[in-house]
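Please look over the notes below with the sequence and the structure open.

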Amino acid sequence: MHILLLQLLIFFTSAVSALEENALAVSCPAMMKEGGGQLDLQKFRGKVVYLDFWATWCPPCKKSMPFLNNLRNELVDQGFEIIAISVDEEPDAAYLFLKEYPVDYRVATDTTGQCPKIYDVKAMPSAYLIDRKGVIRYIHLGFREGDKDEIRRKVIKLLSEKIEG
């Protein structure tokens, strides 16, 4: 009986700590680029947000960023935003990278490593598609050319949903 109780306790504790699909997205101690302060996801309620964890040493990240930038610019007027969190230990490395691979969306850095822990990041890049209510609706690990249509479809689907009440 004690073993079953312990197993249930471990299961529910781990389920609460990891952010998964259908969980409420939470802010983490990432710092927005150029003195924008700490990331506050509450400011993005009412928008569909693609929260993207990336690093300068990640080859698929280099491939995803131009696609994401184009998608964001295409859909920004419909309420779509991207927030990219660099997990590089040196913020300067991320900023130098962005000079070579510029993007129009918001960028933050997390040199503490707390954000990937909070979101239980398992791959690079890892993305969390958040609906207008702040709920994680889709988690996407990695990036391949063939992912573009699926990501676009999911973003457009969430943009078509209206907030009730």
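1. The protein has 5 helices and 6 strands. Read from the N terminus, these elements follow one another as α-β-β-α-β-α-β-α-β-β-α. Please keep in mind that this is a predicted model.

2. Some totals for the chain come next. The protein has 165 residues, and 42% of them count as buried. Its accessible surface is about 9300 Å², with 56% of that belonging to carbon and sulfur atoms. Of the contacts between residues at least 6 apart in sequence, 70% join residues at least 24 apart.

3. In what order do the strands of the open sheet lie? The order is β1-β4-β3-β2-β5-β6, and the pairing of these 6 strands is mixed. β1 (31–32) and β6 are the edge strands, each pairing on one side only.

4. The parallel part of the pairing can be seen at β3 (residues 80–86) and β4 (residues 106–109), which are joined over 4 bridges. Within this pair, Ile85 has Ala108 of β4 as its bridge partner. Two helices pack on the sheet here. Helix α2 (residues 59–75) touches β2 and β3, and its direction makes about 155° with that of β3. Helix α3 (residues 91–100) touches β2, β3 and β4, and the angle between its direction and that of β4 is also about 155°.

5. Strand β5 (residues 126–130) deserves a separate look. Is this strand mostly covered or mostly open? It is mostly covered, with 5 of its 5 residues buried. Ser126, Tyr128 and Ile130 point one way from the strand, while Ala127 and Leu129 point the other way, and residues of both sets are buried.

6. β5 has an antiparallel partner in strand β2 (residues 48–54), to which it is joined by 5 bridges. In this pairing, Tyr50 stands opposite Leu129 of β5. Strand β6 (residues 136–141) is also joined to β5 by 5 bridges, and these two strands run antiparallel as well. Here Ile130 has Ile136 of β6 as its bridge partner.

7. The hairpin formed by β5 and β6 has 5 residues between the strands. Which residue of this hairpin takes a positive phi? That residue is Gly134, with a phi near 90°.

8. Asp131 is worth checking in the viewer. Asp131 lies in the loop between β5 and β6. Why does Asp131 count as buried? The reason is its relative accessibility of 7%, because residues under 20% are classed as buried. Leaving aside neighbours within four places in sequence, Asp131 is in contact with Lys47, Arg137 and Leu158.

Key. Residues numbered from 1 in each chain as written. Predicted model: local features only at pLDDT ≥ 70, side-chain atom pairs only at ≥ 80, totals over all residues. Heavy atoms only, no water. Buried < 20%, exposed > 50% of the residue type's maximum accessible area, 1.4 Å probe, protein only. Pairing = 2+ DSSP bridges. Contact = heavy atoms within 4.5 Å. Areas by Shrake-Rupley, 256 points an atom, 1.4 Å probe, with all protein chains shown as cover. Axes fitted to C-alpha atoms, helices over the stretch in contact; angles between N-to-C directions.
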